[in-house]
Amino acid sequence: MLGNRVGSQELIQLGERVRQKRKDCHLSQETLAEKVGISVNTVSRIEGGQAAISIEIFVKLVEVLGADANELLEKNPEGDRNPAHKMVSRVLNLQPKEQKIVIQTISALMDGIEGIR
C-alpha cells in the first residue's frame, strides 16, 4: 500500500511539473495534446497525477515543452529556478519566424552589453 502512495505522489509531482512547464510555454492543454499526439483528457490526467505515461509520451512531452528530462523528473530541481533556462524553453515553443525575431533581438542586446564591457 505504501508503495502505491509513493508512486502516486511521484505521479502527482510529475504532473504538476508538466502543468507548470506547459503554462510557462504558454500552451493550452489542447495545443499540448495535439503536439504530443494524445488526447486532451490524457493531458489532464497526466497533469493531475492520475495517469502513468509511457517513455514514448514522456519523450514527446520533453520535446514539445522544450524541457530537460531531468527537470521534469526533478533530478535537477535548480533548473526550474534558472530564468535563462525558462526563457530558452519559451523561445523553443515559438513559431520559426517568432524565434528569429527573438534571437535577433537578444543578439543585438548581447552585442551591446559585450561592447560596454
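Visitor: How do the residues of the lining of the largest pocket divide into nonpolar, polar and charged?

Guide: In this predicted model, six lining residues of the largest pocket are nonpolar, two are polar and three are charged. Here Ala, Val, Leu, Ile, Met, Phe, Trp, Tyr, Cys and Pro count as nonpolar, Asp, Glu, Lys and Arg as charged, and the others, Gly among them, as polar. A pocket is an open set of points on a 1 Å grid over the protein atoms alone, where a 1.4 Å probe fits, with protein on both sides within 12 Å along at least five of seven lines; lining residues have an atom within 4 Å of a point.

Visitor: Which residues lie nearest the centre of the largest pocket?

Guide: They are E10, L11, L14, R17 and L73, out of eleven lining residues. The elements giving two or more residues to this lining are α1 (2–24) and α4 (55–65), and α1 gives the largest share, six residues. Helices are DSSP runs (H or I, at least four residues), numbered from the N terminus.

Visitor: Which residues have the most contacts inside the largest nonpolar core?

Guide: Let's start with the idea. A nonpolar core is a set of buried Ala, Val, Leu, Ile, Met, Phe, Trp, Tyr and Cys residues joined through side-chain atoms within 4.5 Å. Buried means under 20% relative accessible area, exposed over 50%, and partly exposed in between (1.4 Å probe, protein chains only). The largest core has 18 residues, and L32, L65 and L72 have the most contacts inside it. At least two core residues come from each of α1, α2 (29–36), α3 (40–47) and α4, with α4 giving the most, five.

Visitor: Which residues of α3 are buried?

Guide: An α-helix has 3.6 residues a turn, so residues three or four places apart point the same way. In α3, the buried ones are V43, I46 and E47. Seen down the axis of α3, its buried residues fall within an arc of 95 degrees (taken from the directions from the helix axis to the C-beta atoms), so they line one face of the helix.

Visitor: What is the phi of H26?

Guide: Most residues other than glycine have a negative phi. H26 has a positive phi of about 60 degrees, although it is not a glycine. H26 sits in the loop between α1 and α2 and is exposed, with a relative accessible area of 61%.

Visitor: Where do the numbers come from?

Guide: Residues are numbered from 1 along each chain as its sequence is written. Local features need pLDDT of at least 70, side-chain atom pairs count only at pLDDT 80 or more, totals for chains, interfaces and linings use all residues, and side-chain values use heavy atoms, with hydrogens and water left out.
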